[in-house]
Amino acid sequence: MKKFLITLFIIAFLVGGALLGAHIYRANKKNSNPVDVYGVSNWLGNYYDMEQSLSGTVVLSDEQTVYIERDKIINDIHATPGDAVKIGDVLIEYDMTQEQLKLNSMMAELAVTETNLRLANNQLVKLQNITPIPDGSEVPKTEKELAVEAAQAELDKAQEAAVQPAIDEATAGTTLEDKTNNLKLAAKDYDESNIKRYNALKAYNDFMGLPTDEKEPEPINPELNPKKQDDEPSEESTEVPTEEPSEEYQEGYSQGYYEGIKSSTENDFKEKETVYIKAEQEYIDAKTDYLQAENALDAANAAVAAAQKKYDEAFEAQQKEYEEQLENPTPVYTESELKRAIRLKNEDIKDLNLSIANQNLAIKRQQNVIAKGTVVSELDGIIQTVDISEESIAGGQPAIVISAEGSYSARVSVDEFSLDEMEIGEEVSILSYDTGSTYYGKVSKKSEAPSNDGYSYYEYTASSYPVTIVIEGGEDLSEGMWVEVTRNSDVSWGEKSNEIVLPLAFCKKEKGSYYVMKREGDRLKKQYISTGKIYWGQYIVVKSGLKPDDFIAFPYAKDAVEGKVCKEADISDLYGY
């Protein structure tokens, strides 16, 4: 027994020594042989996009028609028939007050998210600089994490249960409408048949010299078959045939004649009464089904609301736990605890980056909405008609019509990245291969719908949009001619000098997003970036996520991992010159 305990102790000592040695080795490896990082300023300045050429064809500019958008309020109209207008002249101004307030709110939300991202990055650096103690186990999920999962499952179940009652309610509603219509028709037939029966009975009694004690019938259901007091009975519903038989058979035949009419109308009334009673019962059943379905839907929606509240409370408690752990980390972490904290913080940073990207996209869309608050002339021409009457707008007629007087336009395709850079009224030069002449023109219209045609010198995957350019002069042109449109290189270098254009080799892609290995302090960290154009498959525009004074490592180097120590190096060392 003593030998066994000694052997067990020796084995435990050797295993512990091996784990400690591995930990020391990993720590020494992270802190030795620093990875070279290079200044982002080496790739500052966009030398690739100072001039852009586009190919297209010549089309005839005949006229521009402007329609009023019914969901917008007009502030002012700057158009009078007979006026001469130029490309870019304002025709209509809409009230964009509410849309501007919405944009301001979105900008404020973006500022908050960006602040949260900076805080999260700082917290991640602190976590990465902590040296944990070994622990070979995974930390299980906390009670608050499990509570969120359970609340999510309950919410999913409640949302699924709410679908069928909604379908049942819609079906019941349709049935109720049908049964209501049937009941109305049955009530009408019932009342008409009852009046005929009464008239026939009265005619019989009058013939027989008998009194008619029964009162003239009122509508069985005034709500379904209303009858005004001044309504006159229709001939069809009240008239009873009174044709006199021959004198020879007058007495006996007339009595049978009136008895037959009375019997016939009574039988018809009984049939209509049966139909009405059946329709009334079907209506009651359908209404009961509808109310039951409506109650079921209310109950299902209440269950969803309760489950949603439970989930929100559980999620809030979990987030509070995360914040407490990440804001106030304990001095010592086990390996699994630290891995979990870093994983959560990286997920938080990734979510914040995604949120910023989505917010920027939403802001861009909102800015486009506001930009549409002003309608401008798309060509040089004469205003032919102006009609903003309610009748014209309701009839789908154009509010403003501008004649271009037979001028020509060039139609080209522009990629989605360059589309926002082009302005209505921007001057471009146009070369016709058919005439050999160069013309000048102005951008008049940018389509909102993408197309698949067009060509660009830049090799990147992007949607293209049709753009119309009105050509000045060009009397020797004709439709279908091939032209090359060059955007004038009057873009100031200052606008492009601060744009970061990285070699693609310095970027890695993960789940559709690019990231770089950026220096934070004296160690590497993964930094996601927002990107734009890719030139020739080699260089990519960085829109956000990096600054000119940042340093990044070649991400495919063997030791270029998060937490690795790094040192500045000269770009000439990388390229060998």
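F506 has a relative accessible area of 3%, so it is buried (buried means under 20% relative accessible area, exposed over 50% and partly exposed in between, with a 1.4 Å probe and protein chains only). Rings of Phe, Tyr and Trp (its six-membered ring) pair if their centres lie within 6.5 Å; planes under 30 degrees apart are stacked, over 60 edge-to-face, and the rest tilted.

F506 sits in the loop between β13 (500-503) and β14 (508-510), while F554 is in the loop between β18 (551-553) and β19 (566-568), 48 residues apart. Ring pairs also join Y38, W43, F506, F554 and Y556 into a cluster.

## About the model

This is a predicted model, where local features need pLDDT of at least 70 and side-chain atom pairs count only at pLDDT 80 or more, while totals for chains, interfaces and linings use all residues. Residues are numbered from 1 along each chain as its sequence is written, and side-chain values use heavy atoms, leaving out hydrogens and water.

The protein has 577 residues, and 37% of them count as buried. You can find 11 helices and 19 strands (DSSP runs numbered from the N terminus: helices are H or I with at least four residues, strands E with at least two).

## A second ring pair

The count of aromatic pairs comes to 10. In one of them, Y190 and F269 have ring centres 5.1 Å apart and planes at 55 degrees, so the pair is tilted. Y190 belongs to helix α4 (residues 163-208) and F269 to helix α6 (residues 250-327), so parts 79 residues apart in sequence are tied together. Y190 is buried at 11%, and F269 is buried at 11%.

## A buried glutamate

Which side chain does the side chain of E145 meet in a polar contact? The partner is R340, at 2.9 Å (a polar contact is a pair of N or O atoms within 3.5 Å; within protein, one must be able to donate a hydrogen and the other to accept it, and residues adjacent in sequence count only if both atoms are side-chain atoms).

E145 lies in helix α3 (residues 143-161) and is buried, with 7% relative accessibility. Beyond its neighbours within four places in sequence, E145 is in contact with Q318, Y322 and R340 (contact means heavy atoms within 4.5 Å).
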